[in-house]
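Please look over the model below. The briefing that follows takes it topic by topic.

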Amino acid sequence: MELSGLELRYLVNEIAARVTSGYYVSQVNGVTKDSLLLRLHHPTQEDTMLVLSVRGIWITKLKFKLVEDNRLEGAAIAELERAKIESIEQAGSERIASIRFRRLDGQARVAVCEFFGDGNIAICDEEMKILAILNPIQVRHRTLAVGLKYAFPPSRGVDVFQLTLAELLSLRDKSKDLDVLRWIGRGVSMPKKFVEEVAIRAGIQGSRLAGSLSDDEVGRVHSTIKSLVDDVTAGKNHEPVVIMQDNKPVDALPIITGEARKLETKGAPTFMEALDEVLSAEILDVGRSSKTVEIDRQIAVLEHDLAEQEKAKQAVMQKAEAIRRLAGALMQASYTQGKLDDILSANSASIVSDKGVKYVQVAGEAVQFQDNLAKLSSMLFGRAKEMERGNAAIEEARAKLLAQIEKLRSQTAAIHKKIVVQKQASKEWYERYRWFVTSEGHLAIGGRDASSNSALVRKHLTEDDVVFHAEVHGSPFFIVKNAAGPAQEGRIEKSLAEVAQATVAFSRAWKDGLTSADAYWVLPEQVKKGAPTGQFLPKGSFVIEGKRNYIKGIEARLAVGIVSVNGRQALACGPEDAIKKHALVYAVLLQGGMDPMNAAKKAKSALVGAADDVLAEAIKRIPLDDFVRALPTGQSRVSFASSKDN
């Protein structure tokens, strides 16, 4: 499908509303040679997967694996990973989107995506100098290459988002001899599929000449254009559909046009999801074909050989049949005294002579002539049998070719089966934070930083919960759901001890090498979300009033494991006893040793090694970044790993 400027405006608006407030690029992966997948992370919101492609830009619900090498991937990782998204904009009504990022070093980066022609993706600095580009180009109106400043292409037509009635009237006067469809299409930057819809909605025949339109009719066209543009770009009156062809998604529309009603379509919840289905299917097709190019070539060669053998077989069979017919006629003539010349003529045969020896020639084959017709007939039958026996060899070779083709097709099918995309599993809200389930079954959720501390307490703390904090700088807040009553009654001492341990371990104690510290818990009404009059309360901090229930001398010790959440595997990090109780496989963490990235790699490797084959594959699919975020801040080392059965 070809993305239009109107549809791009909707996508840009939708993506900007969802990812430009606090999201950063946690991971960049190449998918195809012209598609990148950006994993966007937010401290308190669900991760979002954004696809940048020469075909479009969209939020996907699918998980992609690398299907082709992408030469822009390395530069995208170096320039964009860990950078926050500041804005996303469209260049007028052009099919160009620019995403602005802010890196940790304070520098800005801009990813420019073009969705016309062969498409392009360029990564630029804040001065718009190109640092990396997917497809360098040199054409009459611009040159794009590393080291040069990015230049936008010349505008095509009047910007449909800024179109005035006066401009449309002027375009009519300049294009009187064009029909209505070409007048709108050439003068205004609108795609053909929407130009036709404008004419239908305005009640004007597309074949009429523009010069024949009255001012009122032009006004009707103008208001229809503005209305349709508003519908498409703002998401109003959307009836998103996927256009199907041979049971494959080939196009997506935010509204059902008159032309679309004539085609096979199916509905979609949103245009973003419709686009995801179509363009993701294209990526899948690219992956399948790219992975099986050599196999497909081998199959094509074998199929050509098979066709040639089939031709040879048919030719032999036709010759044998012609020889048999002649032999039968000659055998009959030996009894009835039929005339030889008439028999030969009737069977397209003749007598030829070579070096004084006579031959009967039929179907391109020659058999030595015999005066005795019965003997000649017998010799011809013998020749036909020889040819038919030769066909058996052709059949044997044909069977071998078919077996080779089937084997290659099985390899292709196996590759295609591997190149699949799965829907992103819908995560529970608490998976945005630090979390685990205590050995007694209580859900504990903790903040990762000041922002998530604030969000956790303000959004998710209820009167039935318990709040934990540690007497250590940089302590997170942990809440234990539905624990207020049992805690006051002294019925969940083990759970309280485990959450205290998590609160200590995820504080600065771990990074600073403190082996133990104190933590306390309070009830929700003791947590004051506002600062006392005249005082300042930093973000993520709260005032605690009243009695604090201390748990002292808590050891900083954790474990990371794979637990089952609603039938899927999820990563959790918490106290060893709690993780060991619920995890399918777990690894114990101790202070010191490796930086978070290397510790995450070691933990992932340890879990894979301790798991069975099926679970190991599931763990391999968990992004390394998830492990980094799960582990405590500071250096860690893996003590040992074990499965639940051990």
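**Briefing**

Arg434 stands opposite Gly446 in β21. This is a predicted model, where local features need pLDDT of at least 70, side-chain atom pairs count only at pLDDT 80 or more, and totals for chains, interfaces and linings use all residues. Residues are numbered from 1 along each chain as its sequence is written, and side-chain values use heavy atoms, with hydrogens and water left out. Helices (H or I, at least four residues) and strands (E, at least two) are DSSP runs, numbered from the N terminus.

**Hairpin of β20 and β21**

- Strand β20 (residues 434–437) pairs with strand β21 (residues 443–446) in the antiparallel sense, over four bridges. Two strands pair if DSSP finds at least two bridges between them.
- Five residues lie between the strands of this hairpin, and Gly441 takes a positive phi near 95°.

**Packing of α1 on α6**

- Helix α1 (residues 5–19) packs with α6 at an angle of about 40°, and their axes are 7 Å apart. Axes are lines fitted to C-alpha atoms, for helices over the stretch in contact, and angles run from 0 to 180 degrees between N-to-C directions.
- That angle makes α1 oblique to α6. Angles under 35 degrees count as roughly parallel, over 145 as roughly antiparallel, 65 to 115 as roughly perpendicular and the rest as oblique.
- From α1, the contact uses Leu6, Glu7, Arg9, Tyr10 and Asn13; from α6, Leu228, Val229, Val232 and Thr233. Contact means heavy atoms within 4.5 Å.
- The residues of this contact divide into five nonpolar, two polar and two charged. Ala, Val, Leu, Ile, Met, Phe, Trp, Tyr, Cys and Pro count as nonpolar, Asp, Glu, Lys and Arg as charged, and the others, Gly among them, as polar.

- His238 lies in the loop between α6 (215–234) and β13 (241–245).
- The His238 side chain reaches the backbone oxygen of Asp231 at 3.2 Å.
- Leaving out residues up to four places away in sequence, His238 touches Tyr10, Asp231, Val232, Pro254, Ile255 and Phe271.
- Asn237 is in the loop between α6 and β13 too. Asn237 is not a glycine, yet has a positive phi of about 50°.
- Asn237 is exposed, at 59% relative accessible area. Buried means under 20%, exposed over 50%, partly exposed in between (1.4 Å probe, protein chains only).

**Positive phi at Ala363**

- Most residues other than glycine have a negative phi.
- Ala363 is not a glycine, but has a positive phi of about 55°.
- Ala363 is found in the loop between β17 (357–362) and β18 (365–368).
- Ala363 counts as partly exposed, at 30% relative accessibility.

How values were computed
Polar contact = N/O pair within 3.5 Å; in protein donor to acceptor, adjacent residues only side chain to side chain.
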